[in-house]
Amino acid sequence: MTGEHPHVLGDPDAPVTVVEFGDLECPYCAEAAPVLRRLVEESDGRVRLVWRHFPLFQVHPHALAAALAAEAAGAHGLFWPMQELLLARQDRLTEADLRAYATELGLDPDDVVGDGAQQWAPRVQADYAEGLAHDVHGTPVVFVDGVRQRGRPTLDGLRAVVDAV
């Protein structure tokens, strides 16, 4: 995966990097989120998680707006809280919902949706292009130190991969 990315959970200098290409409206990404968080939390600083946006806008009509909202929240240091909210409330991702989540996190809703969020489109597009370059077509797709993992992410499976690194 090229370059640094602003959305890192865990120690930014951790020796093992897990990259997830995800869609905030994808139910499989919602299932993977607690697994990946536990992997980081229980790694004693060995693992960092990097989120890359891969909104499947053809299938999930609110995925792109949700990605932009998460980026806008990230500009205020609230990417992970917004990401967690959006994954937990995937059935409520309309503009009105995103505005309410912004308010819940103490953000100006006008920065999180609509024209205010459009400034983050290049970052989402760059993540999407990076995913395509790595043959990502669905979500979630997880890489551990650049090696694509197959199948549903499980804690035991990812721990085994991390331990082998």
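## Aromatic pairs

There are four aromatic pairs in this predicted structure. Rings of Phe, Tyr and Trp (its six-membered ring) count as a pair if their centres lie within 6.5 Å; planes under 30 degrees apart make the pair stacked, over 60 edge-to-face, and the rest tilted.

Take F54 and Y128: their ring centres are 4.3 Å apart and the planes sit at 15°, so this pair is stacked. F54 lies in the loop between β3 (47–53) and α2 (63–74), while Y128 is in helix α6, so the pair ties together parts that are 74 residues apart in sequence. Helices (H or I, at least four residues) and strands (E, at least two) are DSSP runs, numbered from the N terminus. Both F54 and Y128 are buried (under 20% relative accessible area, using a 1.4 Å probe and protein chains only).

Now for F79 and W80: with centres 5.0 Å apart and planes at 85°, this pair is edge-to-face. F79 is buried, and W80 is too.

## A cluster of rings

F54 and Y128 turn up again with F57: these three form one aromatic cluster.

## A look at A126

Helix α6 (residues 121–133) also contains A126. With a relative accessible area of 44%, A126 is partly exposed, a label for values between buried and exposed, the latter being over 50%. The C-alpha atoms of A126 and R52 are 9.0 Å apart, although 74 residues separate them along the chain.

## About the model

Residues are numbered from 1 along each chain as its sequence is written, and side-chain values use heavy atoms, leaving out hydrogens and water. Because the model is predicted, local features need pLDDT of at least 70 and side-chain atom pairs count only at pLDDT 80 or more, while totals for chains, interfaces and linings use all residues.
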